[in-house]
Amino acid sequence: MKYLDEFNDPKLARRLLDEIRATATRPWALMEVCGGQTHSIIRHGIDQLLPDEVELIHGPGCPVCVTPLECIDKALEIAARPDVIFCSFGDMLRVPGTDRDLFRVKGEGGDVRVVYSPLDALQLARRHPDKQVVFFAIGFETTAPANAMAVHQAKRLGLGNFTLLVSHVRVPPAIEAIMTAPACRVQGFLAAGHVCSVMGMAEYPELAERHRVPVVVTGFEPLDILEGIRRTVRQLERGEHRVENAYARAVRADGNPAAIRMIEEVFEVTDRNWRGIGRIPGSGWRLSEAYRAFDAEHRFDVTGIRTEEPAECRAGEVLQGLIKPTECAAFGTTCTPRTPLGATMVSSEGACAAYYLYRRMSEPALPREEMNPVG
């Protein structure tokens with residue numbers, strides 16, 4: 001398959017690993033921002049194949065994982081109402097709220113439906129004028145254009161029974177928060193290629209310059225990630241801190257201008273809480289004043305919700321890159337995909353889920369020279 005099989009070539013992987021080993025002369029700590037990259041890294045054992053000088057730190061780039069608990073509880077309250085059809089992508093259904101999840105609400109009689117696009121929810125609103133249809137609009141910059149288009153179309157069609165429950169987050173402010181945290185060890189970033197395919201790279205040079213960290217836009221296949229690591233380490237060894245595009249087959253410097261215009265029309269920047277991390281200024285989007293009538297929080301007046309995270313869950317530390325999932329005492333014991341304490345264990349991009357799937361039953365690591373990269 002074009003752009004897939006050729007980026008899983010074991011021979012090229014070994015060559016890139018050799019170049020990384022030859023380049024790295026001192027310890028470097030790099031953060032992959034995207035949870036999809038984390039899963040690829042753990043699935044293929046890339047972090048175990050790297051030289052000891054290069055450490056990968058998993059970042060908060062899982063949109064399901066960082067959706068704040070109070071927003072999950074608002075979703076649960078809205079979804080339980082008898083006049084509501086609540087629509088969501090499937091990976092949100094098992095995310096635990098304070099005392100239940102959307103699967104539980106569905107089992108108790110709530111009309112909760114999995115959709116593949118916000119436009120599917122829009123069609124449901126057209127077919128069910130007697131119901132309030134709510135779409136759970138979460139995600140980073142990648143899902144924002146489609147969500148913006150859905151509410152734009154709802155306004156154009158005059159659909160008074162369609163709303164979004166919005167919990168959008170933005171990557172650059174998260175990088176800023178990571179770099180200014182007291183315990184930060186990150187020296188370079190592998191930026192999320194799909195985010196940059198939408199938004200471009202304009203926001204990154206100032207971050208790279210101010211914090212003196214390389215930012216390399218990276219894809220998701222094994223060779224993409226190894227090439228991103230190679231370029232980042234090369235910059236660090238040279239004392240450079242530039243933005244590089246290692247995912248040119250998908251990312252342009254200006255991103256997708258049409259998508260950006262749609263986002264800017266429908267959304268406005270706001271402060272946002274991140275689950276397990278806290279409030280990050282300017283890190284989210286909400287519906288702008290012109291589209292505020294389509295905001296589910298306003299329509300359903302879900303206020304006064306009090307939340308409390310399980311004391312034994314350390315997902316916040318995982319999301320900040322302070323610990324690996326296996327350093328949490330609950331990992332694989334009281335916290336599993338069937339009984340999750342936090343979203344990082346059930347999201348398809350969660351770091352805890354990646355370690356549970358690919359590392360939980362792993363044998364002791366082989367000597368590096370005996371490992372078979374990628375395949």
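**Cysteines and a helix pair**

The link of C62 and C65 is right-handed, with 70 degrees about the S-S bond. This is a predicted model, in which local features need pLDDT of at least 70, side-chain atom pairs count only at pLDDT 80 or more, and totals for chains, interfaces and linings use all residues. Residues are numbered from 1 along each chain as its sequence is written, and side-chain values use heavy atoms, leaving out hydrogens and water.

Q: Why is the link of C62 and C65 called a disulfide?
A: A disulfide is a pair of cysteine sulfur atoms within 2.5 Å; C62 and C65 have an S to S distance of 2.5 Å, so the pair is counted as one.

Q: What makes C62 count as buried?
A: C62 has 3% relative accessibility, and buried means under 20% relative accessible area (exposed is over 50%, partly exposed in between, with a 1.4 Å probe and protein chains only), so C62 counts as buried. C65, at 2%, is buried as well.

Q: How do you know that C71 is in no disulfide?
A: For C71, the nearest cysteine sulfur, that of C62, is 14 Å away, whereas a disulfide needs the sulfur atoms within 2.5 Å.

Q: Why are helices α1 and α12 called roughly parallel?
A: Helix α1 (residues 10-23) and helix α12 (residues 222-238) pack at an angle of about 15 degrees, with their axes 9 Å apart. Angles under 35 degrees count as roughly parallel (over 145 roughly antiparallel, 65 to 115 roughly perpendicular, the rest oblique), and therefore α1 and α12 are roughly parallel to each other.

Note on methods: Axes fitted to C-alpha atoms, helices over the stretch in contact; angles between N-to-C directions. Helix = DSSP H or I, 4+ residues; strand = E, 2+ residues; numbered from the N terminus.
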